[in-house]
Amino acid sequence: MSEKIEKTDAEWKATLTPEQYHVLREKGTERAFTGKYADTHDPGTYQCAGCGNPLFSSETKFESGSGWPSFYKPVAEDAVATETDDKFMMTRTEVLCASCGGHLGHVFPDGPEPTGLRYCMNSAALKLETEK
C-alpha cells in the first residue's frame with residue numbers, strides 16, 4: 001500500500017477543485033450521468049484525484065446503468081478501504097482511498113463476475129491516467 005497522506009483542510013482546498021473537495025473531503029456525490037468518466041472507455045488507470053493513488057484499471061470498468069463510473073475490483077486489495085455508511089436512513093459500504101482517506105463512492109453486491117461487486121465511484125474523485 002502507498003504511504004498515508006495527510007494534509008490540512010486548507011492544503012486540500014488549495015489543491016482540489018471545489019467539486020473534488022466536496023466529494024473527496026466532505027463525502028459528497030455528483031449527480032448521476034454528469035461526471036466526466038461516466039461514459040469514458042479510454043484504456044488506463046483511474047487514480048485518486050486527491051493524491052494520485054492508483055485505484056482501478058479501465059479493464060475492470062463496466063456499464064452499470066447507474067450513471068457513475070463502475071468497476072468490479074480495485075487494482076490491488078489495499079488500494080481502497082471501506083467503512084459502513086449509515087447516512088440517509090440506509091446502510092451502505094463507503095469506499096475510501098487507502099492513501100489519503102478521500103471519499104470515492106460506495107460498493108454494492110450487484111456487480112458482474114468474477115467478483116459480483118460494483119464499485120460505484122464519483123468522477124470528481126478520480127483522475128484517468130491514459131495508456132499511451
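Reader: Is glutamine 47 buried or exposed?

Author: Burial is judged from relative accessible area: buried means under 20%, exposed over 50%, and partly exposed in between, with a 1.4 Å probe and protein chains only. Glutamine 47 has a relative accessible area of 14%, so this residue counts as buried. The model is a predicted one, in which local features need pLDDT of at least 70, side-chain atom pairs count only at pLDDT 80 or more, and totals for chains, interfaces and linings use all residues. Residues are numbered from 1 along each chain as its sequence is written, and side-chain values use heavy atoms, with hydrogens and water left out.

Reader: Where is glutamine 47 placed, and with which residues is glutamine 47 in contact?

Author: Helices (H or I, at least four residues) and strands (E, at least two) are DSSP runs numbered from the N terminus. Glutamine 47 lies in strand 1. A contact means heavy atoms within 4.5 Å. With neighbours within four places in sequence left aside, glutamine 47 is in contact with Gly52, Asn53, Pro54, Leu55, Ala125, Leu126, Lys127 and Glu129. For a distance along the chain, take glutamate 131: it is 84 residues from glutamine 47 in sequence, and their C-alpha atoms are separated by 13 Å.

Reader: Which residues of helix 2 are buried, and what do they pack against?

Author: An α-helix has 3.6 residues a turn, so residues three or four places apart point the same way. In helix 2 (residues 18–26), the buried residues are Gln20, Tyr21, Val23 and Leu24. These buried residues pack against helix 1 (9–15), strand 1 (44–48) and strand 7 (103–108). Glutamate 26, also in helix 2, is partly exposed at 46% relative accessibility.

Reader: What is the phi of lysine 27, and which peptide bond is cis?

Author: Most residues other than glycine have a negative phi, and most peptide bonds are trans. Lysine 27, which follows helix 2, has a positive phi near 60 degrees. Lysine 27 belongs to the loop between helix 2 and strand 1 and is partly exposed, with a relative accessible area of 37%. Phenylalanine 33 is found in the loop between helix 2 and strand 1, and its phi is positive, near 65 degrees. At 61% relative accessibility, phenylalanine 33 counts as exposed. A cis peptide bond joins glutamate 113 and proline 114, with omega about 15 degrees; proline 114 sits in the loop between strand 7 and strand 8.

Reader: What does the side chain of serine 123 reach?

Author: A polar contact is a pair of N or O atoms within 3.5 Å; within protein, one must be able to donate a hydrogen and the other to accept it, and residues adjacent in sequence count only if both atoms are side-chain atoms. The side chain of serine 123 reaches the backbone nitrogen of lysine 36 at 3.4 Å. Serine 123 is placed in the loop between strand 8 (118–121) and strand 9 (126–130), and it is buried, with a relative accessible area of 4%. Apart from neighbours within four places in sequence, its contacts are Glu30, Gly35, Lys36, Tyr37, Ala38 and Pro69.

Reader: Is phenylalanine 71 buried or exposed?

Author: Phenylalanine 71, found in strand 4 (residues 70–71), has a relative accessible area of 0% and is buried. Leaving aside neighbours within four places in sequence, its contacts include Tyr46, Phe56, Leu117, Tyr119 and Leu126.
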